[in-house]
Amino acid sequence: MSSDNAHSGLDIFSLRGKTALVTGAAGLVGSEISAAMSAAGANIVLVDRLPETEIISRFKKSSHGSDAPALAISTDITNRDSVDSMTAKAVDRFNAIDILVHLAAIDAKFGENAPDGADGRFETFPIDLWKRSIDVNITGTFNVTQSICIQMLKQKSGNIILTGSTYSLVGPNNDLYKPPAPGNPMVKPVDYVATKSFIPNYTRYLATHYAKQGIRVNCITPHGVENENPEWFKENFARMSPMGRMSRASELNGPFIFLASEASSYMTGSTLVVDGGWTAW
Ligand SMILES: NC(=O)c1ccc[n+]([C@@H]2O[C@H](COP(=O)([O-])OP(=O)(O)OC[C@H]3O[C@@H](n4cnc5c(N)ncnc54)[C@H](O)[C@@H]3O)[C@@H](O)[C@H]2O)c1
């Protein structure tokens, strides 16, 4: 049996010398992943629709003021010109895009604070919100991956990680969204479930299309990342989850770095489930 020095030791998780472009970089998961990839040695391109000063200031907070190379590019992923300009600016600054982490998405909240008291129920779900989710979560994913794949083809290498959800794999159990007192129970709306279902098979499409051209494509399906949720929600979650708790955003760092690094060099087209066992029963 031959041993492969390139695949032994912890160095296989290093991102040193790589450039990682992270969409949704100013969000809950994006700020965590950007900081972790920067700590693993990557140059970071932070992409979000927020103003660049805001994106950078959130990155500085999450990366504890690190002065690792980082470039913020304000981009609307639904707008193709904006996305192509993002790709050009990233390449202009760092010469290549080795890793794409695509997180930008909308997951509209329903319930008490929703506009017009919308509760997200299927029967009353507004068509304009349906179209908006298709635009951001599906067309936005298409825009970003097509623009960056064209660049990765020129480089003859690249690594793409898309982000699904448990709702890419299973339907929602709406008991999770029920508050204890009678009131306005929330449900997980159809737009999120429909647009996240697309991610694993789109991953397989790109992975098989580019497998012989040095580009790997995988996706991660997280679930229930804690973010100042109401106590009743955390209790519902704990009761229904095999691990009995929500995820900390930092618990996604390892899986993302694993897929972004040489440690996963024989993986493409896969869905890495990071859900505390939610889909296991
Ligand atoms: N938080 C969770 O519990 C959870 C669970 C499963 C999956 N996910 C997935 O993880 C990813 C990140 O989730 P999050 O919780 O960090 O969300 P978030 O809302 O905190 O961050 C999403 C970011 O995307 C940006 N964005 C939205 N529309 C955009 C557009 N048109 N152009 C550019 N940027 C845009 C937003 O400005 C925001 O900063 C999403 O794909 C989400 O579906 C999250």
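Colleague: Why is Asn95 called exposed?

Modeller: In this predicted model, Asn95 has a relative accessible area of 63%. The label requires a value over 50%, and Asn95 is therefore exposed. Asn95 belongs to the loop between α3 (80-94) and β4.

Colleague: What makes the phi of Asn95 worth a remark?

Modeller: Its phi is positive, about 75 degrees, although Asn95 is not a glycine. Most residues other than glycine have a negative phi. Glu228 likewise has a positive phi, near 50 degrees, and is a residue other than glycine.

Colleague: Where does Glu228 lie, and is Glu228 counted as buried or exposed?

Modeller: Glu228 is in the loop between β6 and α6. Its relative accessibility is 78%; the cut-off for exposure is over 50%, so Glu228 counts as exposed.

Colleague: Which residues of helix α6 are buried, and how do you know on which side of α6 they lie?

Modeller: The buried residues in α6, which spans residues 231-240, are Phe233, Asn236, Phe237 and Met240. They cover an arc of only 100 degrees around the axis, and therefore they sit on the same side of α6. An α-helix has 3.6 residues a turn, so residues three or four places apart point the same way. The face of α6 turned away from that buried side carries Glu231 and Arg239, which are exposed.

Colleague: Why does Trp278 count as buried, and what is Trp278 in contact with?

Modeller: Trp278 has 10% relative accessibility. Trp278 lies in the segment after β7. Leaving aside neighbours within four places in sequence, its contacts include Phe237 and Met240, as well as Thr166 and His223. Trp278 and Gly171 are 107 residues apart in sequence, while their C-alpha atoms are 11 Å apart in space.

Colleague: What makes Thr166 buried, and how do you know that a polar contact joins Thr166 to His223?

Modeller: Thr166, in the loop between β5 and α5, has 0% relative accessibility. The limit is under 20%, so Thr166 counts as buried. The side chains of Thr166 and His223 are joined at 2.7 Å, and a polar contact requires a pair of N or O atoms within 3.5 Å. Beyond neighbours up to four places away, Thr166 also has Thr221, Pro222, Asp275 and Thr279 among its contacts.

Colleague: How do you know that Ser261 is buried, and what surrounds Ser261?

Modeller: The relative accessible area of Ser261 is 2%; with the cut-off at under 20%, Ser261 is therefore buried. Ser261 is found in the loop between α7 (253-260) and β7 (271-274). A polar atom of the Ser261 side chain lies 3.3 Å from the backbone oxygen of Ile12. Apart from residues within four places in sequence, Ser261 is in contact with Ile12, Phe13, Ser14, Leu15, Asn159 and Arg216.

Colleague: Why is α7 described as mostly covered?

Modeller: Six of the eight residues of α7 are buried, namely Asn253, Pro255, Phe256, Ile257, Leu259 and Ala260. These residues pack against α1, β4 (99-102), β5 (158-163), β6 (215-222) and β7.

Colleague: Why does Ala36 count as buried, and which residues does Ala36 touch?

Modeller: Ala36 is part of helix α1. Its relative accessibility of 13% falls under 20%, so Ala36 counts as buried. Not counting residues up to four places away in sequence, Ala36 touches Asn253 and Ile257. Ala36 and Leu252 are 216 residues apart in sequence and 9.6 Å apart in space, C-alpha to C-alpha.

Colleague: Which residues come nearest to the ligand, and how much of the ligand does the protein cover?

Modeller: Val29, Asp48, Leu103, Tyr192 and Lys196 come nearest, out of 23 residues around the ligand. An N or O atom in the Lys196 side chain is 2.8 Å from a ligand oxygen, and a backbone N or O atom of Leu103 also lies 2.8 Å from an oxygen atom of the ligand. The ligand has 820 Å² of accessible area on its own, and the protein covers 85% of it. The shell around the ligand divides into eleven nonpolar, eight polar and four charged residues; α1 (28-39) and α5 (190-210) each supply at least two of its residues.

Definitions and conventions:
Residues numbered from 1 in each chain as written. Predicted model: local features only at pLDDT ≥ 70, side-chain atom pairs only at ≥ 80, totals over all residues. Heavy atoms only, no water. Buried < 20%, exposed > 50% of the residue type's maximum accessible area, 1.4 Å probe, protein only. Helix = DSSP H or I, 4+ residues; strand = E, 2+ residues; numbered from the N terminus. Arc of directions from axis to C-beta. Near = heavy atom within 4 Å. Polar contact = N/O pair within 3.5 Å; in protein donor to acceptor, adjacent residues only side chain to side chain. Areas by Shrake-Rupley, 256 points an atom, 1.4 Å probe, with all protein chains shown as cover. Nonpolar A, V, L, I, M, F, W, Y, C, P; charged D, E, K, R; others polar. Contact = heavy atoms within 4.5 Å.
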